[in-house]
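Here is a walk through one protein model, written for someone who likes to have the structure open while reading. Please keep the viewer at hand and follow along.

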Amino acid sequence: MSSMLRVRGLRKHFGAVEVVKGVDLDVAAGEVVVIIGPSGSGKSTFIRCLNSLEEPSAGEVLIAGGGNAQAGDRKALARLREEVGMVFQDYTLFPHMSVLANMMLAPVKLGRMGKREARDTALALLQRVGLAHKAEDYPAQLSGGQQQRVAIVRALAMKPKLLLFDEPTSALDPETVNEVLNVMKELAAEGMTMVVVTHEMGFAREVADRVVFFDAGRIVESGPPAQLFGAPREARTQQFLGKVMG
C-alpha cells in the first residue's frame, strides 16, 4: 500500500515545555491508525499538528499528492489543512447556523464547490448518517451523538485525503457513543485513511489496522491490535494497559 501520511521529526514546544518530541509516523492509504495513551501524553497536540491547527516547532508532514509542509512554512501548512479533515471532541458546529449551512460553509468558502453542489453533497452525506431530516435544525436542537455525526460528515464534505479524530466520543453520553463509532467503522470499512486518538479500547481492537501507544510526547510502541493488546513489548505499555483494561 502507498503511503498517505509521512511524518518526520515532529516536535512541538509550548514555551520551554516540549510536548511532542521528535515523532516519526507513516500511515498507508486506507489504513486506520489508532493512537492511545494517558491523558497529557501529547497525543492530541500531535494530531492537531498533522493538519496545522498547531504549528509544529520542527519537523515535516507530507500528505500524498498534497505537498510537503515543514515547520515555519505557513502557506504550506495552510494548504495542508485543506487536504485533511478533522473531527474534534466538542463538535465545533457554528450554533447560529443550521446543520445544512454548517456543512456547506467550508466547501463554498474555499471554492471547492458551488452552492448547489455543496447543498446536494451535504444532503447526501446527512442521508448517509440518518440525519437528512435534521438539515434545517440548529445544533442546539440535536443530541450530542447527532452533532458529532454531523461533524464527521461535515469533514467528509471537503473530500479529504485523510481524516483525523481527536477523542470524538469523550464528550458524549454513553448511550450515544455507538452512534458515532458505527459511522467511523463504516468509514474504515470503505477504505478511508484515518488517524484516531481515543480512549475507546474496544474500537481500537476491532477497527484499527495498527495501534500506537503514545506517552510523554513519544511513540513508545506500535503494532497490530492483537499484538499490542495481547503481548505488548514495552513495560510502559504493559503498565498502561494493565490499568485501563483492568
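Helix 5 has 13 residues, and from its first C-alpha to its last it reaches 19 Å. That is close to the 18 Å expected at 1.5 Å a residue, where the expected span is 1.5 Å times one less than the number of residues. Helices here are DSSP runs of H or I with at least four residues, strands are runs of E with at least two, and both are numbered from the N terminus. The model is a predicted one, in which local features need pLDDT of at least 70 and side-chain atom pairs count only at pLDDT 80 or more, while totals for chains, interfaces and linings use all residues. Residues are numbered from 1 along each chain as its sequence is written, and side-chain values use heavy atoms, with hydrogens and water left out.

Why is helix 5 largely enclosed by the rest of the structure? The reason is that 12 of its 13 residues are buried, meaning that each has under 20% relative accessible area; exposed means over 50%, and partly exposed is in between (1.4 Å probe, protein chains only). Among the buried residues are Gly145, Arg149, Ile152 and Arg154. The buried residues of helix 5 pack against strand 6, helix 3, helix 4 (115-128), strand 7 (162-166) and helix 6, with contact taken as heavy atoms within 4.5 Å.

A nonpolar core is a set of buried Ala, Val, Leu, Ile, Met, Phe, Trp, Tyr and Cys residues joined through side-chain atoms within 4.5 Å. The largest such core has 50 residues, and those with the most contacts inside it are Ile36, Ile152, Phe165, Met184, Leu187 and Met194. Helix 6 (residues 177-189) provides the largest share of this core, 7 residues. A second, separate core of 27 residues includes Val19, Val33, Val212 and Phe214. Leaving out residues up to four places away in sequence, Met194 touches Val33, along with others including Phe165, Met184 and Leu187.

Now for the empty space. Rolling a probe the size of a water molecule over the atoms shows where such space is left. A pocket is an open set of points, on a 1 Å grid over the protein atoms alone, where a 1.4 Å probe fits, with protein on both sides within 12 Å along at least five of seven lines; lining residues have an atom within 4 Å of a point. The largest pocket holds about 590 Å³, its volume being the space filled by probe spheres set on the points, which are joined across faces, edges and corners. Of its 20 lining residues, the closest to the centre are Arg81, Ala106, Leu110, Arg154 and Met158. Helix 3 gives the most to the lining, with 4 residues.

Glu167, in the loop between strand 7 and helix 6, has a positive phi near 45 degrees though it is not glycine, and it is buried at 12% relative accessible area. Ala216 sits in the loop between strand 9 and strand 10 (218-223). Its phi is also positive, about 55 degrees, and Ala216 is partly exposed at 40%.

Finally, Asp215 belongs to strand 9 (residues 210-215) and counts as buried at 17% relative accessibility. Beyond its neighbours within four places in sequence, Asp215 is in contact with Pro38, Ser41, Val220 and Arg236.
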